[in-house]
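Biologist: I am new to this structure and would like to go through some of the terms used for it. Could you set each value against the rule behind the word?

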Amino acid sequence: MSTQNKENFSFKKYAWNQFKKDKIALVCLYLLFSLVVLAVLAPYIANERPLYADYKGYKLYPAFASESRTDSIFKSDGKLDEILQYDITDWRTLDFNKVVWAPIPYSPSTMDRYNRDYVSPSGKQRFKNKNGEITDAPSRFRHKLGTDGIGRDLAAGLIHGTRISLMVGLVSMGIASLIGIFLGALAGFFGDNKLKMPRIKYYFTLIGLFFGLFYGFGHRKYALADGFSNGIMSGMIELMLSILVLVLAIVLFRFLSRLIKVDKLQEETFVPIDTFVSRGIELLNSIPRLLLIITITAVVERSIWIVMIIIGITGWTGIARFTRAELLRIRSLEFVQAAESLGYSAKRTIFKHALPNALAPVFISIAFGIASAILIESGLSFLGIGVPDDIVTWGSLLNLGRQNLEAWWLIIYPGMAIFITITIYNMIAEASRDALDPRLKS
Amino acid sequence: MLKYTIERVLTFIPMLIAISLLSFVISINAPGDPVERLAKSAESEGSAQEQSGASKKIKAELRKKLGLDLPIFYFSVSNLSTSDTLYRIQDKYHKATLEHLTHKSGNWAKVSDYYKELLSLQKVHMKLNSKDIFESQTELELNTINEAVNQVGFEINNLLETSEEELIDLSFSKIDDKLSNFSFLSSLNSSFENVKKYKNEINISEDKWRTYVPKINWYGSKNQYHLWLFGNGKDRKGLLRGDFGISYIDSQPISTKIWQKIGISFSLSLISILLAYLISIPIGIYSAHKKDSAVDKGFSLVLFILYSMPSFFVGTLLLLQFANPDNLAWFPVSGIQDPTLFDPEWSFWTKIKHRMPFLILPIITYTYGSFAFLSRIMRVGMIDVVSQDYIRTARAKGLGEKKVILKHALRNSLLPIITVFAAIFPMAIGGSIIIEVIFSIPGMGVEVYNSILNYDYPMIITVFTISGFLTMLGYLVADILYAVVDPRISYK
């Protein structure tokens with residue numbers, strides 16, 4: 001960095017300046033930022049529990065507390081008055097001294113039984129007030145974007161759907177970029193005729209791979225299954241352990257190979273890593289992606305996390321192709337050759353010198369990838385495949401609208417949310433393509 | 001050229017094998033037992049005893065027919081403790097139990113003893129007849145006896161299907177309880193003691209190390225994958241000869257079901273792709289020609305927005321606007337024909353005329369996505385071509401602008417969009433699931449959708465395999481066509 005500062009030129013600065021010239025893209029970047037803020041603050045923007053409440057002298061912050069919390073309310077003489085169970089209390093019927101409601105005073109999955117059957121945003125909405133009478137909803141408690149068939153608030157659903165959509169983009173493309181950048185870098189840097197190792201080492205690596213898979217995944221399959229049935233976190237820990245076993249086995253066998261000294265087996269041989277990766281990309285590209293995802297979701301459990309993982313592991317090919325192409329170009333540049341001639345290890349050359357200079361075009365591919373991941377997820381939830389029914393997403397809301405065309409608000413608002421998010425990502429991707437890589441400019 | 005073609009075809013074969021392996025792996029991991037599902041639809045009536053005997057026979061036959069009595073693949077990797085005959089056990093759940101128990105103890109012989117004893121316990125239990133017991137004694141009521149017998153049977157079944165220590169202990173204690181309370185169950189005693197003994201032996205066996213030693217079993221060509229792919233020369237013809245198996249829903253051959261539905265999906269995708277080409281090529285040419293003009297910028301923005309519109313949103317919006325009595329009811333909401341009016345005797349044109357209103361909205365939805373995409377590609381390709389030297393030469397020698405663009409530039413800029421045409425065959429078989437579901441078009445997309453909702457795995461896997469195959473074929477043909485059409489492309 002310091003050398004770049006001396007010459008007062010940095011590629012990052014240049015690219016940012018280029019990007020800023022595109023005013024629409026800049027607006028999109030701000031919009032994306034506000035979407036992220038919206039997603040992070042979703043539980044405080046749309047919540048049926050008040051943000052702050054002064055109840056019988058107690059100061060409560062129900063929206064910030066965990067759902068399972070209970071509070072005991074005592075009378076002034078110290079006798080127990082009532083017990084507030086946060087998840088089942090009907091907060092609207094309580095007699096507060098002072099209360100601050102969330103901007104949207106509904107949670108996404110609670111059913112308002114007075115406003116069932118597709119209540120329109122402008123239509124008559126009913127409300128049960130503190131005295132238990134059914135009246136017209138006061139404007140504070142109106143469902144501003146209407147409700148669905150079982151009385152869930154659309155606005156709350158949209159806000160929380162933002163969370164899921166952004167998560168899908170982030171998690172799935174995170175997985176895809178890890179796989180894609182790693183494989184693409186290997187393939188591009190080594191090609192077919194650069195990764196050399198003694199034959200014996202090559203064979204032992206393969207044997208190590210076999211044993212690693214056997215002990216890491218074959219032998220641990222019940223541990224893995226138990227882990228995942230206990231929840232995504234423990235499953236992930238088990239998975240990490242398995243991968244650790246795999247890596248250890250490979251390292252061990254590579255080490256063992258040094259102990260064997262047979263001249264004939266010491267000959268250097270090429271590992272055609274580029275062929276492996278390119279064939280893998282070709283294979284994955286030749287299967288219609290949506291069909292592949294749908295087929296896999298049909299045989300695994302229904303879970304939003306699994307959908308994200310599947311989108312990720314089927315979506316790395318574009319990233320790998322870009323990384324590979326970029327590293328093919330970079331590996332013949334002077335600074336990489338300098339690093340190699342200084343005797344740096346391949347690992348250091350790739351990850352410290354070559355890869356950081358190759359990431360700009362990859363970033364574009366990731367941005368486009370996020371848009372398509374969001375599109376796929378909302379398509380799946382629109383069809384009701386893969387994502388569990390109790391999770392409210394933009395796609396599932398739109399699906400409710402399709403089933404009842406009279407509820408136009410269930411079509412327009414979720415659809416626009418999906419459309420706007422995808423447009424934002426596509427715009428940012430296009431603009432950063434123009435900024436980062438003028439060669440690709442269309 | 002020939003060498004390139006041959007090389008390309010040769011790489012095609014391992015890819016096909018890879019696709020078939022991928023779909024096979026997915027299909028054997030599908031949850032549930034196909035035999036149970038197929039047997040359910042073929043179940044005969046009769047008393048409980050008869051029925052279980054008959055259904056067992058049906059199940060065994062089905063298992064044989066589906067090849068489930070065979071090992072899964074040519075070889076398998078397991079460990080020293082497991083038996084290479086495990087695949088012969090019929091029940092999928094029993095198999096899983098045994099596998100897990102062996103994994104925990106490392107001693108297949110003991111587990112096998114335990115399993116056999118459990119089966120014989122079940123057999124003895126089957127022979128118990130509540131009525132006979134009721135008649136042979138006087139103290140207990142028929143209901144109590146029935147309940148006790150059923151409870152024990154239930155627990156034995158549980159034991160066969162669980163490998164968790166806590167659940168096994170629970171079942172043991174429950175059976176113990178029943179055996180000590182009811183003397184009429186005494187015939188089960190000896191067998192049950194044996195079961196407990198064997199279970200205990202499993203627990204104390206110290207062969208866990210055996211699970212850490214890998215073992216490779218070789219089965220040869222008599223396996224499920226081989227059968228699925230090549231058939232057995234008798235009742236199964238194999239995937240390669242067009243036998244895709246039978247549907248779990250109605251036991252119909254998959255190929256028949258596909259042939260019934262593919263026509264509509266194919267014609268829809270063909271029409272929409274052609275339309276997309278017809279619209280996008282002129283737009284692409286025009287905006288490339290007038291690059292950076294207001295019209296070009298306008299087109300670019302509109303195309304960009306269309307490109308970002310999800311097709312399911314557009315489809316639903318069209319329905320909301322044009323097939324909705326509240327707004328404009330110009331088109332029918334769903335289907336491809338009015339069943340009350342439609343007459344299969346009609347001539348071809350009458351049928352088309354009748355179906356037209358049903359198809360307009362789907363075709364619009366189908367077309368717009370690929371049209372935005374194609375126009376953008378076309379524009380970029382055209383801009384690229386127009387800046388080439390030979391176009392400058394053509395202009396320099398005084399050719400009219402029209403001729404330069406339409407004759408010299410157009411042909412070369414068409415190349416990139418050839419590839420897209422290759423995608424229409426897989427699109428036909430997979431159908432556009434989302435669009436067909438929105439408009440309820442009875443094509444392949446809806447078929448796939450329904451088979452997913454009903455867990456009809458043979459159908460899903462078949463569609464998956466065929467569309468992978470067709471996509472690869474499309475790429476192959478496109479690549480070769482490329483090489484034929486464009487002499488500049490040299491494949492080394």
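Modeller: In this predicted model, the side chain of A:T323 reaches the backbone oxygen of A:I319 at 2.6 Å.

Biologist: Why is A:T323 called buried?

Modeller: Buried means under 20% relative accessible area, and because A:T323 has a value of 0%, the word applies to A:T323. A:T323 has its place in helix α12 of chain A, residues 317–330, and, leaving aside neighbours within four places in sequence, A:T323 is in contact with A:G180, A:I181, A:G184, A:A185, A:L355 and A:V362.

Biologist: How do you know that strands β3 and β4 of chain A pair?

Modeller: Pairing requires at least two bridges, and five bridges join β3 (residues 70–74) to β4 (residues 80–85), which run antiparallel, so the two strands count as a pair. A:I73 stands opposite A:E82 in β4(A), and the two strands form a hairpin with five residues between them, where A:G78 in the turn has a positive phi of about 90 degrees.

Biologist: Which residues have the most contacts inside the largest nonpolar core?

Modeller: They are A:L383 and B:I433, in a core of 164 residues. Not counting residues up to four places away in sequence, B:I433 touches A:L291, A:I294, A:L383, B:G445, B:V448 and B:Y449.

Key
Residues are numbered from 1 along each chain as its sequence is written. Chains are lettered from A and ligands numbered from 1 in the order in which they are written. This is a predicted model: local features need pLDDT of at least 70, side-chain atom pairs count only at pLDDT 80 or more; totals for chains, interfaces and linings use all residues. Side-chain values use heavy atoms; hydrogens and water are left out. A nonpolar core is a set of buried Ala, Val, Leu, Ile, Met, Phe, Trp, Tyr and Cys residues joined through side-chain atoms within 4.5 Å. Buried means under 20% relative accessible area, exposed over 50%, partly exposed in between (1.4 Å probe, protein chains only). Contact means heavy atoms within 4.5 Å. Helices (H or I, at least four residues) and strands (E, at least two) are DSSP runs, numbered from the N terminus. A polar contact is a pair of N or O atoms within 3.5 Å; within protein, one must be able to donate a hydrogen and the other to accept it, and residues adjacent in sequence count only if both atoms are side-chain atoms.
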